[in-house]
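Have the sequence and the 3D view open side by side, and we can walk through the model together.

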Amino acid sequence: MKKIIKINNGKKLHSPARMYTKKDLEEMGVDYVEGAIYFNRAKPDQSFPEISEFVRKNMIVLNYPDCSATVFSEEVLKKVVDKQIELNSDFIVFPYFKKENDFDVKSKVDLCEELKLNRNFSKEIVLEMSYKSEMPPQELSDLSHNFDYLSVFYGAPFGGYPSFSKVVKRVVTFKALTGKRVFTIAVPFKFSGEHNKDCRFMPCFSLVAEGWAKNWKGGGKKQVIKVVDPQDLKSKDYTSWLESGYKPETILNLTNRTVADLFRKESKILRGEFEKYLTDGVLNEISNLTPLTYEDYIYGKFYEQYTVPLIFSYKEKLILELFKENPVFGKFDKSGLKLLEGAIRRKYNPLSVFKLIQFLDNLVQREEQITIQELVKRANNFGFEN
Amino acid sequence: MDSAIERFIKSNVTLSNMGKLIQNLQLEKEVEEICKANAFNIDLLRPVLLTMMRGYNNKEVAQKLGVHRVTIQRYTHALKKLKESEFEKIKNYVLNIENEEDNKN
């Protein structure tokens with residue numbers, strides 16, 4: 001679900017937005033990506049790299065102080081925040097620190113509050129925490145008036161179901177309680193499937209968050225050449241490709257070269273190109289999913305274990321963007337809207353949620369005098385009418 | 001991108017546009033075959049074609065869509081190599097969708 005969000009300084013964010021580094025843009029052969037986020041990373045004791053005029057003009061700039069290897073201290077926190085303010089960053093991020101605990105997170109929130117209370121400060125604040133944090137959702141929600149976005153730090157080159165479901169749970173509960181948006185940082189593109197050796201290509205974070213940055217830390221040197229098969233998005237070695245029905249002489253339409261060519265040791269450039277075409281195709285497919293096509297896609301392409309969290313995260317996106325942020329429902333009071341939201345949440349699958357919200361939207365626009373009680377009644381009966 | 005059926009479901013159904021639906025389904029099927037043969041992703045092909053028709057070059061298209069420049073080069077190279085009849089089918093398919101969306105708005 002694509003949406004254009006205007007941030008405080010007037011710049012437009014094309015959500016869900018991927019975050020691109022300078023290296024990403026160079027690899028892509030472009031100067032900028034319109035409406036996306038520029039992820040300008042630096043260690044806390046380093047200066048942020050210069051940003052080109054193209055980027056400044058066309059992208060949202062996130063000067064990200066990478067404190068993932070630094071133990072928390074208020075002094076370092078204040079220093080990295082001040083640096084971002086000096087540079088006139090579009091967002092001000094309070095980053096994740098190595099092994100930070102909930103007390104450290106609350107110290108970050110205290111500094112957020114100080115900034116928010118400063119009359120001259122108008123930037124949007126991003127509070128970052130690890131997906132491992134045990135802070136109860138309600139407690140985080142109670143503190144959320146001090147920041148504008150939550151960022152969940154994943155920090156893994158390769159993902160698994162337990163960590164993935166924790167990330168999604170944090171994102172979904174925060175959105176449900178606050179109606180605010182979330183970023184996910186340092187996320188993997190590949191996840192384990194049935195077992196650790198079963199590797200699935202699943203760049204799905206645009207289905208979870210409003211902005212995301214790929215993990216920048218390497219996953220270690222690979223011993224065996226593996227390439228993602230476009231048919232099932234599994235990362236396989238040569239033998240597994242042949243076991244999947246390919247022949248060595250099968251021509252792959254993506255590159256017009258054979259499978260055997262792709263796996264030759266010296267074909268590093270060819271494999272790199274193949275990966276670029278595949279990644280662009282999959283990311284584009286994912287970004288164009290609609291409530292009508294969503295479930296078929298995720299059940300068809302991703303390992304089944306991940307589909308449940310993805311259903312919940314997409315549902316939450318629909319509720320946030322089509323219901324909570326919909327001005328059509330703005331005339332009703334908060335308590336009434338909470339009841340209506342409850343009725344909407346009773347629908348399990350995203351398509352039902354989408355259709356119900358559309359139905360309610362049309363109803364409110366057609367029947368100006370309709371009460372919230374009537375809407376709740378109609379919502380509860382939706383799908384059961386004769 | 002919505003398929004012909006999805007767009008039909010969302011539109012107002014009348015007898016006259018039933019005929020259009022059947023035409024669109026047939027065109028969609030033919031376009032799917034062309035895309036499969038060329039490893040085109042239809043969701044990417046549509047904006048590539050539209051931005052090309054509006055005069056943007058490969059780099060500008062890549063910057064608008066957030067994809068690698070080599071991907072756009074692959075698409076434009078492959079589009080130029082298509083038979084004229086195949087290219088026309090893709091163009092008609094994409095423009096049909098644009099017209100439907102313009103009418104809706």
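How much area do chain B and chain A bury between them? Chain B and chain A bury about 2,000 Å², and 52% of it is on carbon and sulfur atoms. Buried area here is the accessible area (1.4 Å probe) that two parts lose on being put together, summed over both.

Before going further, a word on conventions. This is a predicted model, in which local features need pLDDT of at least 70 and side-chain atom pairs count only at pLDDT 80 or more, while totals for chains, interfaces and linings use all residues. Residues are numbered from 1 along each chain as its sequence is written, chains are lettered from A and ligands numbered from 1 in the order in which they are written, and side-chain values use heavy atoms, with hydrogens and water left out.

**The interface**

The contact (heavy atoms within 4.5 Å) takes 21 residues from chain B and 21 residues from chain A. Three residues of chain B, namely B:Gln63, B:His68 and B:Arg74, supply 30% of the area that chain B buries against chain A, more than any other three residues.

Two salt bridges are counted between chain B and chain A. A salt bridge means a side-chain nitrogen of Lys or Arg within 4 Å of a carboxyl oxygen of Asp or Glu.

On the side of chain B that touches chain A, α2 (15-38), α3 (42-53), α4 (58-65) and α5 (69-81) of chain B each supply at least two residues. By class, that side of chain B has seven nonpolar, six polar and eight charged residues. Nonpolar covers Ala, Val, Leu, Ile, Met, Phe, Trp, Tyr, Cys and Pro, charged covers Asp, Glu, Lys and Arg, and polar covers the others, Gly among them.

**Chain B itself**

Chain B has six helices and zero strands. Helices (H or I, at least four residues) and strands (E, at least two) are DSSP runs, numbered from the N terminus. Of the 105 residues of chain B, 41% count as buried; buried means under 20% relative accessible area, exposed over 50%, and partly exposed in between (1.4 Å probe, protein chains only). Among contacts in chain B between residues at least 6 apart in sequence, 64% join residues at least 24 apart.

Take α5(B) as an example: its 13 residues reach 18 Å from the first C-alpha to the last, close to the 18 Å expected at 1.5 Å a residue. The expected span is 1.5 Å times one less than the number of residues. Buried residues of α5(B) include B:Ile72, B:Arg74, B:Tyr75 and B:Leu79.

**Salt bridges within helices**

Over all chains, the structure holds 26 salt bridges.

| Pair | N to O distance |
|---|---|
| A:Lys78 and A:Asp82 | 3.6 Å |
| A:Lys338 and A:Glu341 | 3.9 Å |
| B:Lys91 and B:Glu88 | 4.0 Å |

Why can such pairs form? Side chains of opposite charge can pair when their charged atoms come close. An α-helix has 3.6 residues a turn, so residues three or four places apart point the same way.

A:Lys78 and A:Asp82 are separated by about one helical turn because they are four residues apart in helix α3 (residues 74-86) of chain A. A:Lys78 is partly exposed at 41% relative accessibility, and A:Asp82 is partly exposed at 33%. A:Lys338 and A:Glu341 sit three residues apart in helix α12 (residues 334-345) of chain A, and A:Glu341 is buried at 8% relative accessibility. A:Lys338 and A:Glu341 also belong to a network of salt bridges that links them with A:Glu316, A:Lys324 and A:Arg345.

**A buried serine**

A:Ser163 lies in helix α6 (residues 161-178) of chain A and is buried, with a relative accessible area of 14%. The side chain of A:Ser163 reaches the backbone oxygen of A:Gly160 at 3.1 Å. Leaving aside neighbours within four places in sequence, A:Ser163 is in contact with A:Tyr131 and A:Tyr154.

Methods. Polar contact = N/O pair within 3.5 Å; in protein donor to acceptor, adjacent residues only side chain to side chain.
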